[in-house]
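Here is a short report on one protein model. Have the sequence and the 3D view ready as you read.

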Amino acid sequence: MENKKLINMLNRDLADEHAAIIRYMIHSYLEGEDSPIGASLLSRAREEMWHMHWLGMLIGKMGGEPDLTPAPYPYDPTNRKTIFKSYVAYEKKLIPHYIKEAELMDDPHIKRVLQREAWESEIHAKKFQKIHDKLTQEQAKSLPGEENELSESLVEKLQHIIEAKYTQMLQAIRDAWVFQGSGLSGWQIIDFSFTKMKQLAHMAEEVAENGIKPRLKKGNIITAPAIGMALKNTLESVWTTRDLHTDMQNDPEAQKHSGLMANLDLSLKQETYETEEIKDWLK
Ligand SMILES: [Fe+2]
Ligand SMILES: [Fe+2]
């Protein structure tokens, strides 16, 4: 298969995996990540992150630009029963899709990756089917989500941080994939992306605990052609979220939530660490 065609194909798969991550993550947070259903969904979301990462690495290695716009994830939102039925259908559809793609590949690594995406999708379909079948009557006919106890303005602030951090995290994985050949830099950037995912989770859980869907909306991704430029952009982006976190720290309503305060403090420390590290690399 010609390089450009292959990159386009992998980018479509990347968008599907991205969509699955977002869907399972949001659903998990709404259930509560420590509930059995929530924990299982989070576990699936993590596996979808591997899937997305393998594809992103391939695209970056081939000199392609990863498409970070998630595909739509079609599901019937009526109740848990219909939602899990949709998840089973989504995963099942991917099995023949990836098998067919794998058959077209000459490169043994790409072939193996696509085959693995196929059989892991099959496992996902089975796990979702099991949850679907074991739902209690009450769970089956209802939806996850608690009652909201936060003010509209605090929710908006949290959602704004979620959007900024999500975009920043996507930017980090993009840079790590694209600059994987630039010595240690790719490793260091992917390392920061893990922290960003955690920081994002802190805020997203806070919103979802109040029954509101975290706004995982992608902002502008900068397609920097050189690693130095990408690191400078990263630095500016971290300054922005550091300001947002500081602003939240000073919010009187937010201050009533001790868990949120502890997480904000941790995020700010991590962001200071990151800016100092990057400044050193740029020297
Ligand atoms: Fe997947
Ligand atoms: Fe899956």
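## Terms and basis

A residue is buried under 20% relative accessible area, exposed over 50%, and partly exposed in between (1.4 Å probe, protein chains only). This is a predicted model, where local features need pLDDT of at least 70, side-chain atom pairs count only at pLDDT 80 or more, and totals for chains, interfaces and linings use all residues. Residues are numbered from 1 along each chain as its sequence is written, chains are lettered from A and ligands numbered from 1 in the order in which they are written, and side-chain values use heavy atoms, with hydrogens and water left out.

## The iron site

Glu17 (OE), Glu17 (OE), Glu48 (OE) and His51 (ND1) coordinate the iron ion (ligand 1) at 2.0 to 2.8 Å. Donors here are N, O and S atoms within 2.8 Å of the metal (3.2 Å for Na, K and Ca); water is not among the atoms, so sites may look incomplete. The donor residues follow the spacing E-x30-E-x2-H. Glu48 also coordinates the iron ion (ligand 2), 3.4 Å from the iron ion (ligand 1).

Glu48 is buried, at 2% relative accessible area. His51 is buried too, at 0%. Glu48 and His51 sit about one helical turn apart, because they are three residues apart in helix H2. Helices are DSSP runs (H or I, at least four residues), numbered from the N terminus.

Technical notes: Helix = DSSP H or I, 4+ residues; strand = E, 2+ residues; numbered from the N terminus.
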